[in-house]
Amino acid sequence: MSDGASTISAESSESSQDAMTSARVVKVAVVGTGLAGLASAYYLATARNSGVQYKVHLFDENSNIGFDSSSVTATDLDGISRRIDVPMRSFAGGYYRRIISLYKSLGLEFHDAKFSYSFSEMEEESGDAKTYFLYGGRAGAFRQGGRPSRQASLRWMWDLVAVAFWYIYFTIIAAFSTPKGGVSFENEITPPQARHQKRFGSEEAQKKYGTLNTDDESSVEDDNREIESLQEFFRRWHIPAWFMHRFVVMLFSAMSTCNSETILNAPAADVIDYKRKSFGKPHYVLSHNSRSAVAALTAPLPKENIHLGVAVKAMLSEGTSWTIRTVEDDYHHFSHVILATAPSRIAELHRPLLPVFRHVKANSVRVVVHTDDRVLNFLESNDIRDLNLLKTSTGTEATHVLFPGIYQTTSPAPINGDCGEDYGGRIAKDKVVSESVFERVLRTNGLVNAVDKMRRRQGRHNVWVAGSWMWDGLVLLEGCVASAEAVCEGIRQKSEDLRVPLPKGIV
Ligand SMILES: Cc1cc2nc3c(=O)[nH]c(=O)nc-3n(C[C@H](O)[C@H](O)[C@H](O)COP(=O)(O)OP(=O)(O)OC[C@H]3O[C@@H](n4cnc5c(N)ncnc54)[C@H](O)[C@@H]3O)c2cc1C
């Protein structure tokens, strides 16, 4: 076989059940145990109906599974111990169709979080924060919306009419206008079998998705895609700057944990696609936290195949297979390697991909879980909602009131001056439950073009890349599952007969 698969008899010691079958074994290493790595491992480990058996090994430098490694337990005001996902792991109906179908197939429970929102901004001159809008969402427009305490009634009514008008206008535009250069809409979900044929059936599709003949470097030409930015899209449709900044940019910069400038320059298709698909749909969270997803996704893997606290240091090519060298100088041999880490780490591990990821940018995002209610002092107590957004000169701070007395603040900002040890007296050190820093890939033109290039290189020399950023859309969990699906289809394509149906677990 082309991918250097070993036979089961050579590995019969791994499992007596395996030894009884005549399936070929294809060994796959997955580096990174975020959702992209976990989903890739799960899809392959459960693909067992084709005469090929995938033996998947997971590696993570973290001592816990990456998807849940920063989550914590804290005690609320009633003395109840609460498990908290860090960072937040919410997903919206309509947009996150792959994640929802994966979670459903795993039997995981999730529920409508019914978030309500407050919008505030820091006034440059006075340094005071001003709350300009409250939004009830699915929690109830009247119960959770309403007039911000410090806003005059007349002003509020005027704002309400203006916001309603532009919101309806924006919703109509988003429903009917497709931004230039965006291909987010190609991420439409189709039944796996049809997708399999669509992707690999035609020569054109093969070139585009790059999972066939990918070792043939000459078949791939690089061209940069021209993209209409969100700012250009808004200008084209004459949407006023105040609406764009105060609502659309504010929400998406909080979601993407980046500053306004990055969102304004991001592909308009990302935002419009999200808006179109998630309109009127609930925002879900897992009822039993990320732990439930980790347990279900790792269940098909033997424990000895999960290597935690083991950083992969290098990948060495040996003919048609790969040797992985870990930080402990252990060597493991595989047919395929899936790199499910941030682009910067991928480029370190596999130097040929360095030019692809050269223009990809990421930022560091701080998430603090704490019990200090002073963090919301900029709000009147009546104006506190589930998610409290504050626009500052550096970006958007978001404080999620998780349980009575427990807060999760993302990108905490200093108010009036230096952040210091306690964020300008807003979060006392002794009230901090956990403080984590995440690397978040930014959805810039550099990333869009890198993803296009990487897609064409997928599977070249049996190296594959998955991640929340490795698709055409906002850098969110849906991208993890979308890229994991594509990578697994590609590996199966190389290792199996084309027409083999995908296993039920994926449907
Ligand atoms: C503050 C914040 C809030 C967010 N909120 C949401 C949200 O509500 N909804 C949503 O959809 N998305 C959200 N996201 C985005 C989403 O959480 C991430 O995009 C996603 O989790 C990334 O998953 P991943 O599998 O691509 O990578 P990661 O989760 O980053 O996993 C990569 C793993 O690779 C490991 N690794 C790296 N190098 C090596 C090596 N050499 N050897 C071994 N292991 C290695 C790392 O330890 C890590 O565990 C949020 C992100 C942030 C930062």
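Predicted model: local features only at pLDDT ≥ 70, side-chain atom pairs only at ≥ 80, totals over all residues.

Me: Which element gives the most residues to the shell around the ligand?

Reply: The ligand is surrounded by 36 residues, and the closest are Gly32, Gly34, Gly66, Pro87 and Ser468. Several elements give two or more residues to this shell, including β3 (52-60), β16 (362-370) and α16 (477-495). The top contributor, with three residues, is α2.

Me: How many residues of the shell around the ligand are charged?

Reply: The shell draws at least three residues from domain 1 (6-68 + 305-360 + 443-506) and at least three from domain 2 (116-150 + 362-441). By type, 19 of the shell residues are nonpolar and twelve are polar, while the number of charged ones is five.

Me: At what angle do the axes of α2 and helix α12 cross?

Reply: Look at where Leu38, Ala39 and Tyr42 of α2 meet Val294, Leu297 and Thr298 of α12. The residues of this contact divide into five nonpolar, one polar and no charged. The two axes come within 9 Å, and their crossing angle is roughly 35 degrees.

Me: Are the residues on the two faces of strand β15 buried or exposed?

Reply: In a regular strand, side chains alternate between the two faces of the sheet. In β15 (residues 336-339), His336 and Ile338 lie on one side, with Val337 and Leu339 on the other. Both faces are covered, and these four residues are all buried.

Me: Which residue of β21 stands opposite isoleucine 338?

Reply: β15 pairs in the parallel sense with strand β2 (residues 24-31) over four bridges, and there alanine 29 stands opposite valine 337. β15 also pairs in the parallel sense with strand β21 (residues 463-465), over three bridges. In β21, the residue opposite isoleucine 338 is tryptophan 464.

Me: Which strands are the edges of the open sheet of seven strands?

Reply: The strand order is β9-β8-β17-β18-β19-β16-β20, with mixed pairing. From one strand to the next, the twist averages 20 degrees. An edge strand here pairs on one side only, and the two that do so are β9 (129-135) and β20.

Me: What is the bridge partner of valine 401 in β19?

Reply: Strands of a sheet pair through backbone hydrogen bonds, either parallel or antiparallel. Strand β18 (residues 396-403) and strand β19 (residues 406-410) pair in the antiparallel sense, over five bridges. In β19, the partner of valine 401 is tyrosine 407.

Note on methods: Residues numbered from 1 in each chain as written. Near = placed C-beta within 6 Å. Nonpolar A, V, L, I, M, F, W, Y, C, P; charged D, E, K, R; others polar. Domains from an automatic or database assignment. Axes fitted to C-alpha atoms, helices over the stretch in contact; angles between N-to-C directions. Contact = placed C-beta atoms within 7 Å. Buried ≥ 20, exposed ≤ 12 C-beta atoms within 10 Å, placed from the backbone. Pairing = 2+ DSSP bridges.
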